[in-house]
Structure formats: C-alpha cells, structure tokens
Amino acid sequence: MRIGLYGGSFDPVHLGHLIAAQSVYEHCGLERVIFIPAAQAPLKSGAVQASGEDRLAMLTAAIEGDPRFEVSDIELRRGGLSYTKDTVDALRGRYPGDALFWIIGADQLAQLPRWHEIEALAAQVEFIAVGRPGGSGAHEPRSAHASERPAAPAPTAPPFTPTPIPGLRVQRHSGPLIDISSTQLRERARRGLPLDYLIPHKALVYLQAHCLYRDAS
Ligand SMILES: Nc1ncnc2c1ncn2[C@@H]1O[C@H](COP(=O)(O)OP(=O)(O)OP(=O)(O)O)[C@@H](O)[C@H]1O
Ligand SMILES: O=C(O)c1ccc[n+]([C@@H]2O[C@H](COP(=O)([O-])O)[C@@H](O)[C@H]2O)c1
C-alpha cells in the first residue's frame, strides 16, 4: 500500500490542508492519507494555541466518514518535540511492507537539512512537496533538493544555496491549492470574524462550541 503521512500543527485544520491531501491522494496514487497532529513541530516558532486534544478532535471531525483519510495521535501521545524520524520509525513497525510518503508544504523543503536525522529519514520516506499559493515569504516554494534549482532570490535577500541530502527523494505536486493558513484563521477567530467556508463545517462546530482561539493570535 502507498501511504501518505501528513504532519502538521493543524492549529486549526483548514480547507487548504484537505484540498492538498485530496489532490496528493489522487495524483500521487496514494491509498490512504494519515493526518498526524504534532505535539510541537520542531522548527516552528511559538507554541501551539489549542491543546492536542482539541486539535485532534477538530481533525477527526474534519475527515469523519471519509475512508481515504485517518488521523493518528501518535505524536500527541509521545509528547515533546515531534521529530518525524521517531514517528516514521514507529509507523514503519505498523506498516512493514508499505511505501511511506511524507507530505509537506513546498515552503518547508528549504528547512529539510535542519530536520532531525534527515539522512536516515530520507532513506525511509519519499517526500511529497505541495506547492503553496500566496507567494508571501513564508509560503514561497524553495528547495533543498540537489537536483532542483532554487527560485531567484529577491534583490535584497541572500542567495539561497540548497544543501544536498544524500538519498533524498522529492516528488513535487502543484494541484489545486488554496491560500489559507492556520495563522490567518486564528487571527480571524480572535477578531470575531466568520470562519465559515475556510474550515470544514464539523471542525468549525467543535471550534465554536469550545470557544477556541478567542484570545490567541
Ligand atoms: N493552504 C495550504 N496548502 C497546502 N499546504 C499547506 C497549506 N497550509 C499548510 N500547508 C502545509 O501543511 C502542513 C501542516 O501545516 P500547519 O498545520 O503548520 O498549517 P499552517 O496553515 O501552515 O499553520 P501556521 O499558519 O500556524 O504556520 C505543512 O507542511 C504546511 O506547509
Ligand atoms: O523532524 C524534524 O526535525 C522536523 C522539523 C520540522 C518539521 N517537522 C514536521 O513537519 C510537519 C510540518 O511542520 P510545520 O512546522 O510546517 O508545521 C510537522 O509534522 C513537523 O513535526 C519535523
């Protein structure tokens, strides 16, 4: 089986995540996508706003009834920094003969050299890099893959030099994407703006019932 593993803070999950997951599922020939909320993503500045329990509940509500998708609490149960290598090691035991793919936003590619035990991880999973729309600095697609050319740097930015990672396999995917981020949604919630049509309805019902992100930024 070809299994996609989709890690993130999901604070909260939004339609951008689900559209990306569906598109990757179809175009990369996956047979399942497992969403894995992180206890704490290692390179993310700032702590998550909602509890692990709430983020897990919103994800579970978001994909309820969809046989293509499931949610794993493996990183929440482990706690601490959610190193992908540890997660993949554990899941490899559960899926010994299956092909594992780690789905990331293309903006994350440049960070891969900083990931924990990245060479060992690269031997175990193929990465699927989903191009993110928007073009703001944080979401600009960049590459850590030796064979890919980085985007031309802005005039004031230092030149970007990709660090080669031995054995790294990356499939790029640029299907239909939508420019939504959890940061935008937390800000909208804080300002009391509607989140309809941005968050899957059942997840939104949970978010509202639990008054999440009212005081968060
Ligand atoms: N709109 C989107 N389209 C495609 N991929 C996305 C989108 N939003 C997030 N991702 C990717 O999904 C993964 C999990 O993202 P995460 O949970 O951190 O959401 P986020 O919206 O980027 O959050 P934040 O705004 O808090 O940084 C990351 O690899 C990220 O690059
Ligand atoms: O293992 C690492 O060192 C590592 C470093 C950065 C990010 N990750 C994982 O990548 C996923 C997306 O992270 P982020 O920062 O975009 O939310 C999430 O599952 C993180 O745990 C993992």
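**Helix α7 and what lies around it**

Modeller: Helices here are DSSP runs of H or I with at least four residues, strands are E runs of at least two, and both are numbered from the N terminus. Keep in mind that this is a predicted model, where local features need pLDDT of at least 70, side-chain atom pairs count only at pLDDT 80 or more, and totals for chains, interfaces and linings use all residues. Residues are numbered from 1 along each chain as its sequence is written, while chains are lettered from A and ligands numbered from 1 in the order in which they are written.

α7 itself spans residues 201-209, and its buried residues are A203, L204 and L207. Buried means 20 or more other C-beta atoms within 10 Å of the residue's own, exposed means 12 or fewer, and partly exposed is in between, with C-beta atoms placed from the backbone. Just after the helix, C211 takes a positive phi of about 50 degrees.

The protein chain has 7 helices and 6 strands, and 36% of its 217 residues are buried. Of its contacts with a separation of 6 or more, 78% join residues 24 or more positions apart, a contact being two C-beta atoms within 7 Å.

Among the strands, β4 (residues 99-105) pairs in the parallel sense with β1 (residues 2-8) over 5 bridges; pairing takes at least two DSSP bridges. G4 has F101 as its bridge partner in β4. β4 is also parallel to β5 (residues 126-130), again over 5 bridges, with G105 opposite V130.

G105 turns up again at ligand 1, where the closest residues are G8, G16, G105, S182 and T183 out of 19 surrounding it; the cut-off is a C-beta atom within 6 Å. α1 (15-27), β4 and α6 (182-190) each supply at least two residues of that shell, and α1 gives the most, with 3.
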